[in-house]
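Hello,

Here is the structure I promised to hand over. Please look through it first; my notes follow below.

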Amino acid sequence: MDTEAGPGSLPYLPGTVRPIPEAEPGLVERWHSGGGELVELLTQVREGFGGIAAFRLGPGPTVLVTDPQAVQHVLAQHPERYVKRSHRARVLLGDGVLSATGAAWKRQRRLLQSQFTGTGMRRYEQRITGAARTTAGRWAEYARTGQTLDVGQEMRRFALDAIWRSLTGYPLDEGTERELAAVAAVATALPTLPADVTDAQDAVAADLARIDTVARHAIEAARSGAAGPDGPGLLHVLIDAATERPEYTDRLIRDELVTLLVAGHETTATTLTWLYLLLDRNPAAREQTLTAGVEGSPQRRQAVQALVHETLRLYPSAWILPRHAAEDDTLAGYAVEAGTDILVCPYLTHRDPELWPDPEHFDPRRFTTPDGRPTHPGAYFPFGIGPRACLGLQFALRESTVLLEHLLPVYSLAFSSTPTKAVYGITVRPDGPTPATLLPLP
């Protein structure tokens, strides 16, 4: 292995993370603009230099990590050495749990953790099912009239309804849905916003004001004791916490509410949209799922979940996980200096042919066949791993499974056009609309 630094490369001693030339100037400013330049660069790095490689992305050193053992080291075994810094979506999320750090993050995560496991998840089953039934009813009308729908919009509508019911106890009404379109508007604008926080907030001030108004009304209603048809929701948990924890001001409750809205619907909607696009290209996968078992059987549910997992393999919810080395460390035998930026990339780990044979092929059987997938936890982590793994993992998987159980046996989709590219932003989403008509099954 080379240990001497070449032009534009990074010296690491003892042991040297393999260096490559400096990235194209200006790439760091464009890496969330949707152009895919960063993905292309990181793919070249991984293919040319392996699962741990160093390069320059901006003024300082950056290390790409895709090797499963190194992923586990960074995210799960030593999160205190590789820390998460300010989240790029802070202009929208404020100090919510996704962007919080340090002791504040630990307190906030501890409060929410129980809501997304075991008994907490059972509390939201009825609400998710209600949102799925509403979507199924809407699709029945589309099928009856032959109306064209946009699959991406339908998936966002379902996922937003499910999380709104879980937060407030109320189904999503048209007025709230219309105002919460501002969430998607701000999320889409994030890559192009000014670096200065104040300037960024000014650029999306109108949309932030709409979001704040919805949040304020929801908080006021919950604080007044109002509970929806399904009873109190997650928002009531936050308000109850404020009686004992002074840090839960109205502003922090707003930030947590918006964080849960964003995290609770955007990733699920994107995953379901990709899933239907992948089924359009691989129709046999749908038939394999439906013939795996009768409706309601464990075999059918496992097959539906495998569809979701294989979609998440190709298009993970968190496609890239930035970290910062807070102290010197040795990573898989290589020295990593304090101050180094780390990019853990599930998107590339999930497409590594040494881990996943024929990785570009959509094959849900990887998740139902013995030995069909690698067992190392760092080989498949669409929601991250370790203490900062996504809180809503079980919620998102349940949402997706319940909706597919309602729709998959009843309709197939005929797309009139499909996107040809992906946009690499906060999530990996299709670049363009997804118009389709419904074909009822016999």
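Buried residues make up 54% of the 442 in the protein chain; buried means under 20% relative accessible area, exposed over 50%, and partly exposed in between, with a 1.4 Å probe and protein chains only. This is a predicted model, where local features need pLDDT of at least 70, side-chain atom pairs count only at pLDDT 80 or more, and totals for chains, interfaces and linings use all residues. Residues are numbered from 1 along each chain as its sequence is written, and side-chain values use heavy atoms, with hydrogens and water left out.

Overall form comes next. The C-alpha trace of the protein chain spans about 65 × 55 × 40 Å along its principal axes. Among contacts (heavy atoms within 4.5 Å) between residues at least 6 apart in sequence, 71% join residues at least 24 apart.

The protein chain has 18 helices and 13 strands. These are DSSP runs, numbered from the N terminus: helices are H or I, at least four residues, and strands are E, at least two.

Now to strand β9, residues 341–344. β9 runs parallel to β3 (residues 61–65), with four bridges joining them; strands pair if DSSP finds at least two bridges between them. T62 stands opposite D341 in β9. β9 also pairs with β6 (residues 321–325), antiparallel, over four bridges. There, L321 stands opposite V344.

Best wishes
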